[in-house]
Protein chains: 4
Amino acid sequence: MALAIGVDLGGTKIAAGVVDENGTIVAANRRPTPSLSSEAVIDAIAELVLELREQHTVEAVCVAAPGFVDAARSTLMFTPNLPMRNEALGARLTSSIGLPVLIENDANAAAWGEARFGAARGRANAVILTVGTGLGGGVIVDDRLVRGAFGFAAEVGHMTLIPDGLECGCGQRGCWEQYTSGNALLRTARHLAAQQRTDAQRLLSLGDGTPEGIQGQHITLAAQQGCPVAIASFNQIGEQLGRGMATVSALLDPEVFVIGGGVCEAGDLLLAPIRAEYEVRLTARSHRPLPTIVAATLGNDAGIVGAADLARQG
Amino acid sequence: MALAIGVDLGGTKIAAGVVDENGTIVAANRRPTPSLSSEAVIDAIAELVLELREQHTVEAVCVAAPGFVDAARSTLMFTPNLPMRNEALGARLTSSIGLPVLIENDANAAAWGEARFGAARGRANAVILTVGTGLGGGVIVDDRLVRGAFGFAAEVGHMTLIPDGLECGCGQRGCWEQYTSGNALLRTARHLAAQQRTDAQRLLSLGDGTPEGIQGQHITLAAQQGCPVAIASFNQIGEQLGRGMATVSALLDPEVFVIGGGVCEAGDLLLAPIRAEYEVRLTARSHRPLPTIVAATLGNDAGIVGAADLARQG
Amino acid sequence: MALAIGVDLGGTKIAAGVVDENGTIVAANRRPTPSLSSEAVIDAIAELVLELREQHTVEAVCVAAPGFVDAARSTLMFTPNLPMRNEALGARLTSSIGLPVLIENDANAAAWGEARFGAARGRANAVILTVGTGLGGGVIVDDRLVRGAFGFAAEVGHMTLIPDGLECGCGQRGCWEQYTSGNALLRTARHLAAQQRTDAQRLLSLGDGTPEGIQGQHITLAAQQGCPVAIASFNQIGEQLGRGMATVSALLDPEVFVIGGGVCEAGDLLLAPIRAEYEVRLTARSHRPLPTIVAATLGNDAGIVGAADLARQG
Amino acid sequence: MALAIGVDLGGTKIAAGVVDENGTIVAANRRPTPSLSSEAVIDAIAELVLELREQHTVEAVCVAAPGFVDAARSTLMFTPNLPMRNEALGARLTSSIGLPVLIENDANAAAWGEARFGAARGRANAVILTVGTGLGGGVIVDDRLVRGAFGFAAEVGHMTLIPDGLECGCGQRGCWEQYTSGNALLRTARHLAAQQRTDAQRLLSLGDGTPEGIQGQHITLAAQQGCPVAIASFNQIGEQLGRGMATVSALLDPEVFVIGGGVCEAGDLLLAPIRAEYEVRLTARSHRPLPTIVAATLGNDAGIVGAADLARQG
C-alpha cells in the first residue's frame, strides 16, 4: 500500500508521520522546532523524514506550515512564528530529501485530513472550522481543497462579523475570530464574571478568585459543573459561530460543518448553541436541506494525515 | 465547430441562443413567458429550441432558470416567479427535444458566461456579483462553477452584512442585498433627498419633485451631472459592496471580482467607491496581491452564453 | 384639598378624571374619540370636563395628547392619529371651559404620574419606559419633567440602538423600538417559531398553528407555561431594552427605571432579562450605585393622574 | 460686583481664576499638580486661592475635578489620575480656606461655562461635547446642569454607539468615544494611511513617513492642505459624532450642541460632516426645528469660568 509522509511544522514542535492510504499513521516522530534559522528548520524536517524512511518506503512528502504558501505549493511566503520569509521550502526539501515535497497551509492540511478520513469523510462539500486560540479553517468544494487564487482562501477568522466591531490583530475590525475563538471565550467569561460575581462563583473559584485569573480550561470545567456564567460564555461564542456559519452557507452551501480545535473539546456546551443559532439565521431555511454540524474526529493528527494525503495526490 | 443552445428562462420572457465554442451567439430568438402552467412554459422552451435547430446542428441544451436547481441539475425545486414546483424540467425537455438538457440556476449560468468568455475570461478563481433589483452572483473556484452540496451556493445577497440589520424578504435581517442593490440605491437616494433637499435638487427635478418620485435611472443621471445626493447614494451602495467583498475574499481569495447588473451601468460612480472601500477592509492587505475589480462585459447575454457552454460540458 | 382634572386623549377614547393632591382619582368618565373634526374632539373634551365639574370644584385642567406639543404647552403641533394639525388646543379649551388648560404629550404625562405617585414616587431622577405597541417614555431630572427645547424630548423609542438596523416608521434605521416593543416581541416570536417549530409547539397551539397566527397575548401565556420559544422571545426583547437603558444611564444616570406598558404585564419574564443585560452593559459598573428597575404601578391611569398634577402645578 | 474663584484641577496642573458675574476672568494663576499625596494637592489649591484673594474679595470657590463627585458636591469619590479616593475635598478646603467650597466634575463645570457665558449662552437646553483625547461633555436641561442621581450623568463618551463594537477602557464595547475622539481620529488616520499610501502622502510626509508616525496635529494640517486621507479621517469622526448626537436629541431635544475640545480646532473639517450626518439621522427631521451645532468659544478657560459661576450659585 502506498505510503506518504505528512509533516506538521509548528511554532514549538515539528511532528511527522508515515500515513497509509486509509489515513492511518503507521509511524511517527517529533522534535522541537529550531528557532535560530531557516536552515536549522529545514535540516530538522529532513532528519525527521530520513528517520521515518529507514523503516518505511514512502512516495512523497507534504509539509503543513503555519503561514501563507504560494500557488505552486512550494514557497512559504509569510509565517508569523518561524524565521522564514519567501522561503523556497519545497525546492530545498525536495533536493535534500530526494522525494517530491509539497508545502501546504497547516489549516488547509488539517481540513483536508478531516475531509478525507475524519468527520467529513465522504462529503464532497465541507467547511472545517478550527476554534483554537483564534479561528481557522479549510474549505472543500466538490472534493477539492480550495486554496484561492493566491493561496489566501479559508481565512475564515477574518470574515467580518460585526461592522466597526472589535479590533483584530490583522488591522481590521469586527473579524469573526474576535467573537468566536479561545481568546473570545476567555474575554467573554472574564467580562461576565466581573459584572455578575454571584453567578460566576464556581468559575472564579477555579482560579485565584479574580476575573483576570480565569483560564480557558476553567470555563469548560465550570460549565460542566453548571456555572451560569461559564455556560453563558459558551452560549455567546457558539451563537457567534452559528451566525457566521449562516453567512458561509449562503456563499458555499456545504453539506457538513466540522468544528475542531481546543475549544471544541467542550462538546455540546459549544455545539448546541452553534446549531440553535445557525438554524435561526440560515437564509431560505424552510426551502433547503440542513447541513450536519459535527465535531472533528482526528484531533491533533489531522494536519499530518491531511498533509500525507495531499502529498500522495501530488 | 460544436454548437450548443443556451436558454434564459425569465419571469417575463424566454430568450434562447445558439452559441459556438468561442461564446459567440450565432442565432437567437425569444418569446414571452407563458404564465398559465408549467406545461406551457415547457412547450415554449421546446419550440424555441426547435426553431433554432432548423438552421443549426446543436449538441446539447441548458436552461438557465430563476430558482433552486437540484444537485443533478435536472429538477427545478423552487422558483419565486414561475408556475413550477419540484418540476422535472430536465427530463421533460430532454424527452420532448431529443437532446441532453441540463438545468442551471440563472445567476450561476450568467456567472459562468462571464468566467468563460467575459470579464473573468482566463481566470481560474472569480466571483461575479450582479447588482440588479437584488444582489445575485456566482462563484468560480479552480475553473469550476461552485453549486454547493444542495444547489444553494452563491446566494451572495443573503450573506449577513449587518447583524440585526434591515429586514430581508428571505426572513432574515441584515442581508447584503438590503444594502447594495438597485432597491437599496433607490431607498438610500430617497432617504437622503428627503433630508437634504437642497443638495438633492438636481435629482428631485428629474422626477415629480418628491423623494418618492425618484426612480433608479434618475440617480445615475443626476450623479453624472454632479448631484451631491445622487453621488452620495452611489458611494453608500459601493461602500457596502466593497465591505462584503472583503469578507468574500477572506473565504475564497478570488483573483477577480466581476460586477454586473443594471446598477453597474453607472460605471466608475459605482466601481470607484467599491474599490476604495474594498482595499481598506481587506484583511492582510499588505501581504497579498489585490484582485482586480472589473465591470461585466456580456450584459444580458451572459446567461445564454454561460448556459450553452455548460450544456456543451455536460 | 385642591382638585384638578386630567384628560387622556387617545385615538379611540377620551378618558378624564378628577384627581386630588395625593394622585387619587375621585371621579372619572370617558367617551369614544370623535373622528370627524378637531371641533368635535374639543367639544367632547369640554363636555367631559363639564360633567366632572358638576360634582367637583377643580382648579385647572391638563390634556395628555398623543403627539408633539409646543414649548408653551398650548398647541398640538402634530399627532398621527387625530384630525388635528397645529391646533391651538389649549387656548380653545381654556376659552370654552373657563379654566386654565395645559396640553402635554401623553407619554410625558404618564411618566409624570409614575414619578409623582407611582413606581418612581420620591425619586428625583427617573426614566419611565413604556413598552406598548411601540416604545415611549418620559424623563424626570431633578424632580422636573424634561420636555426639551422644542417639546420633542423623551422620544426614547427613536434612539438608535443598531446602526443600519431595522427600518422604522420614522424614516430612520435601527431605532430602539424596532427591537423592544410589542411589535418587536411579536415579530421575534413569529420568526423563532417559524425556524424552531418543535420548541414553539405550545406557543403555536394557542393560535391557528401557524407563526403568523401568533398574537401578543399568546406569547405571555406560552412563556408562563414554559414554552422555550416564547421565553426566548421575551429574553431577546428584554436584552435589547437593557442595552438601551445602559446608554440612557451613561447620559442621565437616573436612580430608577420604571417599565410600563402592556408588554410589562409579563412581569419577571421581561424584567429579569432587562436587569441581567443592563448590569452587564452599564459603564463603570463597579464604581457606581445601580439604579433600581421596577414595574410601573399606575397602569392606564398614569396619564390622567400625571396630567392632573401638571395642571395643578401650572 | 460679586466675584468667585473657579479652580481647574488637572492631572498635570492646577489653574485658578477670579471670575466676575459676566464670566470674565479678572485674575488667574496656576501651578503644577503635586503628585505625592492628597494633602499636597489640597495645600496647593488652598495656596492658589489665598494668593488670588490677596487682591480680590471673593464669595465662594468651586473646584472642577477630573472624576466622580458625590451628589452633595463635596466628596471626590474616584479619579483616575490623582492620588485621591473618597476624598472629602469640599469640607477640607472649606475649613482651610474659610469660604464655601463646592466640588464639581470638570466636564460638567466646563459645560456650564459654555452654557452661561460661551457658545450656548442664553440657551436653556444645551449639550456640550468635548472631543479631546476621549469624548466628554455636559448636559443642560431647563437652565440647570444635569448631574444625575449619583453624579454620573453626561458620561456621553460611554453611550453605546456600535453594539459589540470596539473595546473601551471602561470594560464595555462600542462606546461612542472609541469612534469619535482624538484617539479615534489618530487610529482612523493611521489605518487609512496604511491602506492607501498614495492618498496619504501629504499626511505621511509630516511625520517619519510611516502610519505609526502620524500625530494628531499632522491630521489637521494635512487636511487643511487637502490630503484625501486626512479629510476622510475627519469625515469618519464627524459622521460618528453626528450619529450619536441624533440619539442624544431623541432623548433630550436640546436647542444647541456645542462642540469643544482639541479636535474641534479643525473647525469646519469636523463640523461639516457632523452637521450633514446629524441631519440625515435625526428622527422626525421634517416635523421639528433643527438645533444649532456650534464650536465652543471659551477654550481652556471654560472650566474655571463654569466652576466660578457654580460657586456663586451655591
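**Close-up views of the chains**

**View 1. From strand β12 of chain A, V256(A), V258(A) and G260(A) point one way and F257(A) and I259(A) the other way, and all are buried.** The model is predicted: local features need pLDDT of at least 70 and side-chain atom pairs count only at pLDDT 80 or more, while totals for chains, interfaces and linings use all residues. Residues are numbered from 1 along each chain as its sequence is written, and chains are lettered from A and ligands numbered from 1 in the order in which they are written. A residue is called buried if 20 or more other C-beta atoms lie within 10 Å of its own, exposed if 12 or fewer do, and partly exposed in between, with C-beta atoms placed from the backbone. Strands (E, at least two residues) and helices (H or I, at least four) are DSSP runs, numbered from the N terminus. Because five of the five residues of β12(A) (residues 256-260) are buried, this strand is largely enclosed by the rest of the structure.

**View 2. Strand β12(A) runs parallel to strand β9(A) (residues 126-131), to which five bridges join it.** Two strands are taken to pair if DSSP finds at least two bridges between them. A126(A) has V256(A) as its bridge partner in β12(A). Strand β13(A) (residues 292-295) is also parallel to β12(A), with four bridges between the two. In this pairing, I293(A) of β13(A) stands opposite F257(A). The chain passes from β12(A) to β13(A) through helix α8(A) (residues 268-281), a β-α-β crossover that is right-handed. The term right-handed applies if, with the strands pointing away from the viewer, the path from the first strand over the helix to the second runs clockwise.

**View 3. A284(A) lies in the loop between α8 and β13 of chain A.** This residue is not a glycine, yet A284(A) has a positive phi of about 55°. Most residues other than glycine have a negative phi. With 16 other C-beta atoms within 10 Å, A284(A) is partly exposed.

**View 4. R73(C) is found in the loop between β5 (68-69) and β6 (76-78) of chain C.** R73(C), which is not a glycine, has a positive phi of about 55°. R73(C) is partly exposed, and 19 other C-beta atoms lie within 10 Å.

**View 5. L204(A) belongs to helix α5 (residues 201-205) of chain A.** L204(A) has 22 other C-beta atoms within 10 Å and is therefore buried. Apart from neighbours within four places in sequence, L204(A) is in contact with A193(A) and G209(A); contact requires the C-beta atoms of two residues, placed from the backbone, to lie within 7 Å. L204(A) and A250(A) are 46 residues apart in sequence, and their C-alpha atoms are 40 Å apart in space.

**View 6. Helix α7 of chain D is mostly covered, with 21 of its 25 residues buried.** At 1.5 Å a residue, the 25 residues of α7(D) (residues 228-252) should span 36 Å, and the end C-alpha atoms are 35 Å apart, which agrees. The expected span of a helix is 1.5 Å times one less than its number of residues. D253(D) follows α7(D) and has a positive phi, near 50°.

**View 7. Chain A is superposed on chain B by a rotation of 180° with 0.0 Å of shift along its axis (RMSD 0.0 Å).** The two copies are thus related as by a two-fold rotation axis. I162(A) has the C-alpha nearest the axis in chain A, at 3.4 Å. Both copies use the same surface, as 100% of the contact residues of chain A recur in chain B. Superposition is by least squares on the C-alpha atoms of residues with pLDDT of at least 70 in both copies.

**View 8. Contact between chains A and B involves 42 residues of chain A and 42 residues of chain B.** On the side of chain A that touches chain B, the elements giving two or more residues are β10 (135-141) and α7 (228-252) of chain A. The most is given by α7(A), with seven residues. By class, this side of chain A has 26 nonpolar, eight polar and eight charged residues. Ala, Val, Leu, Ile, Met, Phe, Trp, Tyr, Cys and Pro count as nonpolar, Asp, Glu, Lys and Arg as charged, and the others, Gly among them, as polar.
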